[in-house]
Amino acid sequence: FGSGGHAVLFNIAEAMERRGHAFSFWQHDPFRERAGMTDGALREAIVRDYADVRGPAYASFDRWNGADVVLAIQRVEQDEIAELVPSRKVLLTSFDLVPQQADAAEVVPGRVLIVASGNEFNVRGTQDFLDYTWPLVRQTCPDARLRVVGKVCREVTCDDPTVALLGFVESLDTEYAEAAVVVNPCRVGTGLKIKTIEALAW
């Protein structure tokens with residue numbers, strides 16, 4: 001996985017196919033931490049969800065056992081998968097991100113930034129932040145201004161004049177460089193919080 005996201009993944013697939021190797025990609029997020037599942041419940045959930053997507057014939061770990069390599073994006077997932085399919089090699093991938101040399105002179109005092117896609121968790125978290133948290137921020141910091149970037153803007157509403165729902169922007173780097181604070185208002189979520197890592201790079 002690189003900065004190109006899935007494009008990098010599919011390029012890997014093409015390269016493997018050119019070398020005569022089969023390549024299959026399946027993504028699953030068991031929500032174990034959020035749901036508080038036991039090992040047994042986790043295994044049952046994975047089997048059930050896989051069967052729901054691919055059909056009853058896939059309701060087992062035969063597909064994982066048939067893989068040469070299984071990739072995980074977090075250490076806890078790597079450990080869990082290794083327990084579920086101990087005969088397979090499970091590798092931990094990392095998120096490819098280059099730390100930026102931020103210029104303090106570019107930061108706009110009081111500017112707050114949210115960057116989010118339109119998935120339901122982002123929408124709920126952002127709307128709650130706008131409805132309940134942002135008014136409290138404004139009480140404490142009257143000069144604060146919030147900029148919201150990404151597809152989440154299509155799903156949330158706010159009539160506060162200090163909030164700008166921008167949607168798509170030409171340069172996300174500029175938004176990060178000028179923000180004094182970046183918020184990830186996510187009450188629940190899935191997988192690796194890439195938004196948080198991306199913001200920390202600045």
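A residue is called buried when its relative accessible area is under 20%, exposed when over 50%, and partly exposed in between, using a 1.4 Å probe and protein chains only. Gln78 lies in helix H5 (residues 75-84), where helices (H or I, at least four residues) and strands (E, at least two) are DSSP runs numbered from the N terminus. Gln78 counts as buried because its relative accessible area is 12%. Beyond its neighbours within four places in sequence, Gln78 is in contact (heavy atoms within 4.5 Å) with Ala72, Val90, Leu91 and Leu92.

The model is predicted: local features need pLDDT of at least 70, side-chain atom pairs count only at pLDDT 80 or more, and totals for chains, interfaces and linings use all residues. Residues are numbered from 1 along each chain as its sequence is written, and side-chain values use heavy atoms, with hydrogens and water left out.

An open sheet is formed by four strands in the order E5-E4-E3-E6, with parallel pairing; two strands pair if DSSP finds at least two bridges between them. Strands E5 (163-167) and E6 (181-182) are the edge strands, each pairing on one side only. Strand E4 (residues 145-149) is joined to E5 by four bridges, and Leu146 stands opposite Val163 in E5. Helix H6 (residues 120-140) packs on the sheet and touches E3 (111-115), E4 and E5.

The mean pLDDT, the predictor's confidence in each residue from 0 to 100, is 76 for the protein chain, and 65% of residues reach 70 or more. Over residues 1-10 the pLDDT is below 50. Where pLDDT is low, the predicted coordinates should not be read in detail.

Terms used: Axes are lines fitted to C-alpha atoms, for helices over the stretch in contact, and angles run from 0 to 180 degrees between N-to-C directions.
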